[in-house]
Amino acid sequence: MGKLTKNQKLALSKIEAGKVYTLAEAAEKVKEITFTKFDSSFDIDVRLGVDPRKADQMVRGVVSLPHGTGKQVRVLVLCNPDAEAAAKEAGADYVGLDEYIQKIKDGWTDVDVIITQPSVMGKLGPLGRILGPRGLMPNPKSGTVTQDVASAVREVKQGKIDFKVDKTGIVHASIGKASFSPEAMVDNAREFVQTLIKLKPATAKGTYIKSIYVSSTMSPGVKVDPKSIVD
């Protein structure tokens with residue numbers, strides 16, 4: 001392990017060892033221990049009582065954060081010509097089809113979200129090895145494969161994110177910025193966790209929400225009491 005910086009030591013000193021904080025307390029604490037010179041992301045990690053190796057326990061979904069992500073999301077819409085105008089009007093940063101497919105084949109992936117139409121998905125198949133590892137492959141479950149691309153663009157721009165549990169049973173997401181007010185951070189975290197609860201697989205046994213940590217970029221994690229979130 002590398003040597004801790006002065007700010008890292010200071011951040012750790014402000015977290016009470018072994019303490020589990022309420023969500024409101026944790027939001028305040030994250031703001032207190034964030035020392036980056038840039039506007040850090042506000043992150044949440046939730047360990048679930050599921051076995052992701054089983055298809056019926058794969059937790060995946062989307063959530064619209066009440067206060068957005070605080071991030072400028074770059075959206076590419078791959079669509080037929082008749083949908084291009086609506087996509088541009090909705091705020092898409094890049095709109096087209098064949099020219100962008102070729103750009104992606106040539107290595108361009110400078111976007112955060114790709115939205116497309118069902119009729120176009122056949123052309124995206126060969127891009128799977130490029131887009132898949134980067135989490136950019138459109139998916140009907142996340143709302144990025146849709147006939148109404150304009151609505152999908154607006155939702156993403158307003159703070160809609162998708163997530164899925166990793167192979168260790170943890171769901172990680174950036175749900176705002178450290179510059180948000182504690183109240184906004186709490187609202188976004190609560191909405192995220194409540195969405196996870198709604199997605200609980202019927203086959204999941206025992207405790208579903210095992211642990212919750214919130215943090216900012218480069219800060220230590222602050223443990224949250226699930227009871228302060230779960231109604």
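Helices (DSSP runs of H or I, at least four residues) and strands (DSSP runs of E, at least two) are numbered from the N terminus in these legends. The model shown is predicted, so to speak of a local feature a pLDDT of at least 70 is needed, side-chain atom pairs count only at pLDDT 80 or more, and totals for chains, interfaces and linings use all residues. Residues are numbered from 1 along each chain as its sequence is written, and side-chain values use heavy atoms, with hydrogens and water left out.

**View 1. Helix α4 and its buried face.**
Glu 99 has its place in helix α4, which spans residues 98-105. With a relative accessible area of 45%, Glu 99 is partly exposed, a term for values between buried (under 20% relative accessible area) and exposed (over 50%), found with a 1.4 Å probe on protein chains only. The buried residues of α4 are Tyr 100, Ile 101 and Ile 104. Seen down the helix axis, these buried residues fall within an arc of 105 degrees, so they line one face of α4; the arc is that of the directions from the helix axis to the C-beta atoms. Their cover includes strands β3 (75-78), β4 (94-96) and β5, together with helices α5 (121-124) and α6 (128-131), where contact means heavy atoms within 4.5 Å. After α4 comes Gly 107, whose phi is positive, near 110 degrees. From C-alpha to C-alpha, Glu 99 and Lys 223 are 47 Å apart in space, and they are 124 residues apart in sequence.

**View 2. Strand β3 between its two partners.**
In a regular strand the side chains alternate between the two faces of the sheet. Val 75 and Val 77 point one way from β3, while Leu 76 and Leu 78 point the other way, and all are buried. Strands β3 and β5 run parallel and are joined by 4 bridges, with Val 113 in β5 as the bridge partner of Val 75; two strands are said to pair if DSSP finds at least two bridges between them. β3 also pairs with β4 in the parallel sense, over 3 bridges, and here the bridge partner of Val 77 is Val 95.

**View 3. Helix α7 and the residue that follows.**
In α7 the residues Val 149, Ala 150, Ala 152, Val 153 and Val 156 are buried. Down the axis of α7 these buried residues fall within an arc of 160 degrees, so they too line one face of their helix. They pack against β3, α3 (81-90), β5 and β6. Just after α7, Gly 159 takes a positive phi of about 120 degrees.

**View 4. The largest pocket.**
The largest pocket holds about 950 Å³ of space. A pocket is an open set of points on a 1 Å grid over the protein atoms alone, where a 1.4 Å probe fits and protein lies on both sides within 12 Å along at least five of seven lines, and its lining residues have an atom within 4 Å of a point. Grid points are joined across faces, edges and corners, and the volume is the space filled by probe spheres set on them. Of the 34 lining residues, Asp 112, Val 113, Gly 135, Ile 161 and Asp 162 lie nearest the centre of the pocket. β5 (113-116), α7 (149-157), β6 (160-164) and β7 each supply at least two residues of the lining.

**View 5. Strand β1 with β7 and β8.**
Strand β1 (residues 41-48) pairs with β7 in the antiparallel sense over 6 bridges, and Arg 47 stands opposite Ile 170 in β7. With β8, strand β1 pairs in the antiparallel sense over 7 bridges, and Asp 43 stands opposite Ser 215. β7 (residues 170-177) is mostly covered, with 6 of its 8 residues buried. Phe 42 has its place in β1 and counts as buried at 1% relative accessibility. Beyond neighbours within four places in sequence, the contacts of Phe 42 include Val 30, Ala 173, Ile 175, Met 185 and Val 214.

**View 6. The hairpin of β8 and β9.**
β8 and β9 pair in the antiparallel sense over 3 bridges, and Ile 212 stands opposite Val 224 in β9. The hairpin has 5 residues between its strands, and Met 218 lies in this loop, between β8 (209-216) and β9 (222-224). Most residues other than glycine have a negative phi. Met 218 has a positive phi of about 70 degrees although it is not a glycine, and Met 218 is exposed, with a relative accessible area of 64%.
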